[in-house]
Amino acid sequence: MTFSQELEARFAKMIGNYPPGRQKGALIPMLLYAQDDIGQITDELIDEVSKRLSVKRVEIEEVLGYYTMLHREKRGRRHVQICTNVSCMLRGGEELWEHARGKLGIGNKQTTADGSISLEEVECIGACSWAPAILVNYDFHFNVTPESLDELIDGLRTKQ
Amino acid sequence: MLLNQPHPLETRVLTRRFEYPQRDPIWVDEFVAKQGYEGFRKALGMPPDEIIDEVKKSSLRGRGGAGFPAGLKWSFVDRKSSKPKYVVVNGDEGEPGTCKDRVLMEHDPHRLIEGCLICARAIGAERGWVYIRGEYRFHIDILDKAIEQAYERGYLGENILGSGMTFHLSTHTGAGSYECGEESALLESLEGKRGNPRLKPPFPATVGAFQCPTTVNNVETFCAVPDILLNGGDWYHALGTPKNGGTRLVCLSGHINNPGVYEVPLGFNMKRLIEEIGGGVWKGRKLKAVIPGGSSSPILTADEIDIPADYDSLAKAGSMLGSGATMICDETTDMVKLLARVMKFYAHESCGWCIPCREGTAWLAKILARLDEGAGMTRDIDMIDQLATSMFGRTFCALGDAAAMPAMSIVRKFRHEFEAKIGSAEVFVPAPGTQPLVVL
């Protein structure tokens with residue numbers, strides 16, 4: 001399996017960041033950066049990472065079962081993550097979550113039929129002073145209202 | 001974006017290079033022009049023990065939540081050990097209500113690098129990692145660029161500034177786990193494993209990253225160090241209150257007029273913080289309660305907040321300063337719903353390593369959801385307190401405590417709200433003659 005040139009360069013550098021013989025340290029970053037490129041954690045990717053870092057497949061499965069950002073299933077090109085934790089809840093995060101579900105017609109961890117947008121209710125994303133906040137892939141949106149969320153989602157749809 | 005309007009009551013040390021409205025991060029040239037890396041240059045001319053003494057004198061305490069004295073933590077590392085020593089920055093920032101480390105990394109990334117360099121000099125480390133939560137990719141990219149600049153200018157790498165010192169630094173992304181903010185779980189994650197906490201002792205100062213002596217501190221703690229070296233530990237200490245030196249960032253959120261991240265000295269009165277800096281409770285409503293240090297800290301009622309906000313005063317008030325996340329709840333806040341939401345979070349984030357926490361958080365979440373829906377029973381209220389009490393102090397890491405503390409404090413201080421919800425929903429009544437599944 002080959003990755004983009006950029007990713008290969010990143011990996012080459014990354015492995016040198018850990019002590020000799022302890023390259024397993026690069027496992028989680030490697031999985032996450034690779035997932036960003038190819039969209040999900042595939043069997044092929046697990047085999048490749050296993051080979052490159054000399055770790056067993058089961059050690060990778062262990063990690064996949066633990067970290068919420070790593071996912072085996074395919075998601076939408078735009079992954080909309082709505083925080084409903086305390087600070088966001090106090091300022092309308094739950095209403096926003098309901099609104100998004102209604103607007104997109106999908107539930108938690110589901111993807112629209114055209115595969116463009118997926119939705120997830122997430123725990124605190126660290127944007128509490130600018131709540132309610134949402135993440136679209138890695139982009140933060142602050143002080144979101146149902147109206148601005150509508151606009152945002154419509155924008156994501158037209159971008160495709 | 002992000003940066004709120006500064007307030008005249010702030011004391012700006014960590015944020016002294018910030019500008020409003022926000023613009024690009026402060027890159028190396030500007031940083032150096034504004035006294036950047038001068039604290040580190042000073043440290044280069046000092047023996048390691050003197051650096052640690054200076055940090056001890058400052059009474060800087062860990063800003064991640066536990067408030068452990070930073071200088072003391074550094075002094076625990078055995079510099080004579082034949083093993084390599086490591087510096088690890090905790091930028092996992094997962095405590096609900098906390099959004100301060102991101103502000104530091106986003107605006108002044110070189111300050112963090114400088115803090116790491118000073119620590120490395122003090123403990124004799126040649127390598128370090130900045131562990132940042134996965135959601136903060138934007139901040140990881142900023143820090144990656146800053147690290148690259150530091151290498152180019154000779155602040156990182158070999159023979160730093162001609163001193164013979166070697167130090168390598170890189171970022172390390174998390175991938176979505178609150179538990180990894182706990183230092184030993186973070187080290188497990190750094191090693192490429194599930195973020196389960198380790199049994200302590202040994203503490204990371206003896207057996208840390210890759211089984212080597214390691215200093216782990218929060219982003220904000222490292223960021224405070226350059227100014228301590230520059231102006232002296234006594235100067236920093238004088239900013240705060242005895243045993244609680246310096247300034248800290250507070251993240252005001254919830255039902256408040258001016259939410260935002262502000263820098264205040266330790267010991268700044270919490271009531272004034274909310275009323276004067278935060279502009280008071282929104283919509284002209286009355287204050288009901290304040291969560292003073294992130295969702296794990298015991299809640300304070302409106303008449304308990306006229307106290308200095310430092311580690312010792314908050315502990316005396318039965319709560320904790322925590323990570324600086326101050327969440328404000330107005331009079332309309334439903335405390336049962338609030339606690340149910342808090343517990344849903346801990347049940348989701350419990351790593352499952354210790355049974356009291358794995359089972360305790362899950363059951364508490366279910367009981368609280370039931371109470372919130374109005375289908376609870378009076379004995380549920382007592383059960384929350386009992387479960388939380390029996391979970392407290394019986395786990396490897398503080399996640400069990402973090403879930404127990406808000407549960408115990410909210411159910412005790414707002415019991416009437418729990419009682420008011422009982423019987424408010426239509427309760428399922430089994431048909432006559434049905435055999436019960438479980439006989440209690």
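**Close-up views of a predicted two-chain model**

**View 1. Leu368(B) and the residues around it.** Leu368(B) is buried, at a relative accessible area of 0% (buried means under 20%, exposed over 50% and partly exposed in between, with a 1.4 Å probe and protein chains only). Everything here comes from a predicted model, where local features need pLDDT of at least 70, side-chain atom pairs count only at pLDDT 80 or more, and totals for chains, interfaces and linings use all residues. Side-chain values use heavy atoms, with hydrogens and water left out, residues are numbered from 1 along each chain as its sequence is written, and chains are lettered from A and ligands numbered from 1 in the order in which they are written. Leu368(B) sits in helix α14 (residues 355-372) of chain B (helices are DSSP runs of H or I with at least four residues, strands are runs of E with at least two, and both are numbered from the N terminus). Setting aside neighbours within four places in sequence, Leu368(B) touches Leu339(B), Ala340(B), Met343(B), Ile384(B) and Phe418(B) (contact means heavy atoms within 4.5 Å). Arg341(B) is 27 residues away along the chain, yet its C-alpha atom is 8.6 Å from that of Leu368(B).

**View 2. The open sheet of chain A.** Five strands line up as β2-β3-β1-β4-β5 in chain A, with mixed pairing (two strands pair if DSSP finds at least two bridges between them). At the edges are β2 (110-111) and β5 (139-141) of chain A, each with a single partner strand, so one side of each has no neighbour in the sheet. β2(A) and β3(A) run antiparallel and are joined by two bridges. Look for Gln110(A), whose bridge partner in β3(A) is Leu119(A).

**View 3. A parallel pair in chain B.** Strand β2 (residues 127-132) of chain B runs parallel to β3(B), with six bridges between them. Ile132(B) faces Thr173(B) in β3(B). Strand β3 (residues 168-173) of chain B is mostly covered, with five of its six residues buried.

**View 4. The second largest pocket.** This pocket has a volume of about 890 Å³. On a 1 Å grid over the protein atoms alone, a pocket is an open set of points with protein on both sides within 12 Å along at least five of seven lines, a cavity is a set where a 1.4 Å probe fits but cannot get out, and lining residues have an atom within 4 Å of a point. Grid points are joined across faces, edges and corners, and a volume is the space filled by probe spheres set on the points. Of the 39 lining residues, Met69(A), Arg75(A), His79(A), Gln81(A) and Glu120(A) are the closest to the centre of the second largest pocket. α13(B) gives the most to the lining, with five residues. By class, the lining has ten nonpolar, 14 polar and 15 charged residues (Ala, Val, Leu, Ile, Met, Phe, Trp, Tyr, Cys and Pro count as nonpolar, Asp, Glu, Lys and Arg as charged, and the others, Gly among them, as polar).

**View 5. The largest cavity.** The whole structure holds six cavities of 30 Å³ or more, and the largest comes to about 60 Å³. Its lining includes Glu179(B), Trp353(B), Cys354(B) and Phe396(B). Seven nonpolar, four polar and one charged residues make up that lining.
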